[in-house]
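Colleague: Hi, could you walk me through this one? I have some quick questions.
Modeller: Happy to, ask away.

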Amino acid sequence: MNLSFILWLSASMAIFLSAATASRYYVSSNNILILLFSLGLYCLGNLMMVRLMREGGLGLAISASAIAQLLLVNVIAFAVFGERMTLPQLAGVALGVVSMGLMLMPTGGKA
């Protein structure tokens, strides 16, 4: 992963997290404008993912995005909305972190 990939990934994660937060607010408020805003953010985030797929490959781009969203969305759910996870759910998040660590380990060959 190069600096450009990490910057694009960070930007797309910020957009996806904003979209997820807006979606959660929509659930609470039932305001259709918030839902439309959230959907627009998701579309923008997915368009940004296309560049990440070109730079890092499909597997790495989607996996990195999914794990980052897994972690950060849970932080937002805990900090902003007061949601709590059960022990098995926390274990699942931990396994996601381990899986990303394994994917990012350097290898000798290319697939």
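Colleague: How many residues does H2 have, and how far does H2 reach from its first C-alpha to its last?
Modeller: H2 has 25 residues and reaches 36 Å between those two atoms. That is close to the 36 Å expected at 1.5 Å a residue. Keep in mind that this is a predicted model.

Colleague: Thanks! What caps the N-terminal end of H2?
Modeller: Asparagine 31 does, with a side-chain oxygen 3.0 Å from the backbone nitrogen of leucine 33.

Colleague: And what is H2 followed by?
Modeller: Glycine 57 follows H2, and its phi is positive, near 90 degrees.

Colleague: Which residues are buried in H2?
Modeller: Ser38, Leu41, Gly45, Met48, Met49 and Leu52 are buried there.

Colleague: What covers the buried residues of H2?
Modeller: The cover includes H1 and H3.

Colleague: Switching to rings: how many aromatic pairs does the structure hold?
Modeller: There are 2 aromatic pairs. In one of them, phenylalanine 16 and tyrosine 42 have ring centres 6.2 Å apart and planes at 40 degrees, so the pair is tilted.

Colleague: Is phenylalanine 16 buried or exposed?
Modeller: Phenylalanine 16 counts as buried because its relative accessibility is 6%, under the 20% cut-off. Tyrosine 42, at 27%, counts as partly exposed.

Colleague: What about tyrosine 25 and phenylalanine 81?
Modeller: Those two form an edge-to-face pair, 5.2 Å centre to centre with 65 degrees between the planes. Tyrosine 25 lies in helix H1, while phenylalanine 81 is in the loop between helix H3 (58-79) and helix H4 (87-104), so the pair ties together parts that are 56 residues apart in sequence. Tyrosine 25 is partly exposed, with a relative accessible area of 42%.

Colleague: Zooming out, how many helices and strands does the chain have?
Modeller: The chain has 4 helices and 0 strands, giving the pattern α-α-α-α along the sequence. Its C-alpha atoms fill a box of roughly 50 × 35 × 20 Å along the principal axes.

Technical notes: Residues are numbered from 1 along each chain as its sequence is written. This is a predicted model: local features need pLDDT of at least 70, side-chain atom pairs count only at pLDDT 80 or more; totals for chains, interfaces and linings use all residues. Side-chain values use heavy atoms; hydrogens and water are left out. Rings of Phe, Tyr and Trp (its six-membered ring) pair if their centres lie within 6.5 Å; planes under 30 degrees apart count as stacked, over 60 as edge-to-face and the rest as tilted. Buried means under 20% relative accessible area, exposed over 50%, partly exposed in between (1.4 Å probe, protein chains only). The expected span of a helix is 1.5 Å times one less than its number of residues. Contact means heavy atoms within 4.5 Å. A polar contact is a pair of N or O atoms within 3.5 Å; within protein, one must be able to donate a hydrogen and the other to accept it, and residues adjacent in sequence count only if both atoms are side-chain atoms.
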